[in-house]
Amino acid sequence: MVIVQQCLHDKGVLEVLCNYASPSKKFQPSKNVIGFCTAVFIEVLGTVVTVDDDILKRILPFVSSGLQHGINGVSDHKASSLMIVSLLGNKAALAPKLLNRLINSVSEVAREEANELDLQWFRLSLIALIILVQSQNVGILPIKALEVLKELRDLPRVLLELSKEFNIEKFLVVLLDSLIDCSSKDEYCQQALLSLIEKVPINDSVHQVETRL
């Protein structure tokens, strides 16, 4: 808690910790280092009422490096980044460009885990994506993220499971609206749209989706 208070009073301390916990070509932080620094970051984000740009710019490099595609041996860093993305969604008003970048990055993580048949990580990445989309002002998903999500065969099944545990209605509407927009010219979007409509209930927003169709 002393370190958390130091980070709040001096953002330079926060930046030093973020850099120390981020991997580089010459340095790979240990699991304990990542775990400790993540605990500090989460406490810092949880303590402030809103995350300002000063905190955001210092913590984003750590988050971005944890979401990078194809990096081995950084599952703890990836888990930390997904947790922080979820917190940022609830605590910060993210600029559209940054929001789209994070949505794209988390979608890429979901695809990577789906390809490796790691259902737990796939589920965790989808939860982070759902929280991010539902907590921010998102009307349509960025094209890059949609290109990823439309090809995930297990997406309807996992979303159905999550819909029984959480309210993911807003995310579903955004996803369906995004698929509807591209379904007339993209066969994969059309197939993904039909699969979602058939398998995942959207009880409260069915009229909204019907009018779009």
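Helices are DSSP runs of H or I, at least four residues long, numbered from the N terminus. On that basis Ser86 is found in helix α5, which covers residues 75-91. The model described here is predicted.

The secondary structure of the chain comes to 12 helices and zero strands. From the N terminus on, the order of elements is α-α-α-α-α-α-α-α-α-α-α-α. The C-alpha trace spans about 55 × 35 × 30 Å along its principal axes. For 213 residues, a compact globule would have a radius of gyration near 17 Å. The chain has 18 Å, which agrees.

Of the 213 residues, 49% count as buried. The chain exposes about 11200 Å². Carbon and sulfur atoms supply 53% of that area. Contacts between residues at least 6 apart in sequence were also examined by separation. Among these, 71% join residues at least 24 apart.

The largest nonpolar core has 68 residues. Those with the most contacts inside this core are Phe41, Ile103, Leu141, Leu159 and Leu175. Neighbours within four places in sequence were set aside for Ile103. Its remaining contacts are Leu129, Leu132, Val133, Val138, Leu141, Pro142 and Ala145.

Helix α10 covers residues 169-183. At 1.5 Å a residue, its 15 residues should span 21 Å. The end C-alpha atoms of α10 are 20 Å apart, which agrees. Of the 15 residues of α10, 13 are buried, so this helix is largely enclosed by the rest of the structure.

Thr38 is found in helix α3, residues 31-47. Its relative accessible area is 4%. Thr38 is buried because this value lies under the 20% cut-off.

Not counting residues up to four places away in sequence, Ser86 touches Ala128 and Ile131. Ser86 and Ile131 are 45 residues apart in sequence. In space their C-alpha atoms are 5.8 Å apart.

Ser163 has its place in helix α9. Its relative accessible area is 22%, and the residue is partly exposed. The contacts of Ser163 are Ile168 and Pro201, not counting residues up to four places away in sequence. Ser163 and Leu179 are 16 residues apart in sequence. Their C-alpha atoms lie 19 Å apart in space.

Charged pairs were considered next. Side chains of opposite charge can pair when their charged atoms come close. The count comes to 10 salt bridges. One of them joins Glu108 and Arg111, with the closest N and O atoms 2.9 Å apart. Both residues belong to helix α6, residues 96-115. They are three residues apart there, so about one helical turn separates them. Glu108 counts as buried, at 16% relative accessibility. Arg111 counts as partly exposed, at 27%.

Glu147 forms a salt bridge with Lys150. The closest N and O atoms of this pair are 3.1 Å apart. Glu147 is partly exposed, with a relative accessible area of 37%. Lys150 is buried, with a value of 9%.

Arg157 and Glu161 meet through their side chains in a salt bridge of 3.5 Å, N to O. Both lie in helix α9, residues 155-163. They are four residues apart, about one turn of the helix. Arg157 is partly exposed, with a relative accessible area of 38%. Glu161 is likewise partly exposed, at 31%. Helix α9 is also the place of Ser163.

Salt bridges also form a network. Its linked members are Glu15, Asp54, Lys57 and Arg58.

How values were computed
Residues numbered from 1 in each chain as written. Predicted model: local features only at pLDDT ≥ 70, side-chain atom pairs only at ≥ 80, totals over all residues. Heavy atoms only, no water. Core = buried A, V, L, I, M, F, W, Y, C linked by side-chain atoms within 4.5 Å. Buried < 20%, exposed > 50% of the residue type's maximum accessible area, 1.4 Å probe, protein only. Contact = heavy atoms within 4.5 Å. Helix = DSSP H or I, 4+ residues; strand = E, 2+ residues; numbered from the N terminus. Salt bridge = Lys/Arg side-chain N within 4 Å of Asp/Glu carboxyl O. Expected span 1.5 Å × (residues − 1). Rg over C-alpha atoms; globule rule 2.2 N^0.38 Å. Areas by Shrake-Rupley, 256 points an atom, 1.4 Å probe, with all protein chains shown as cover.
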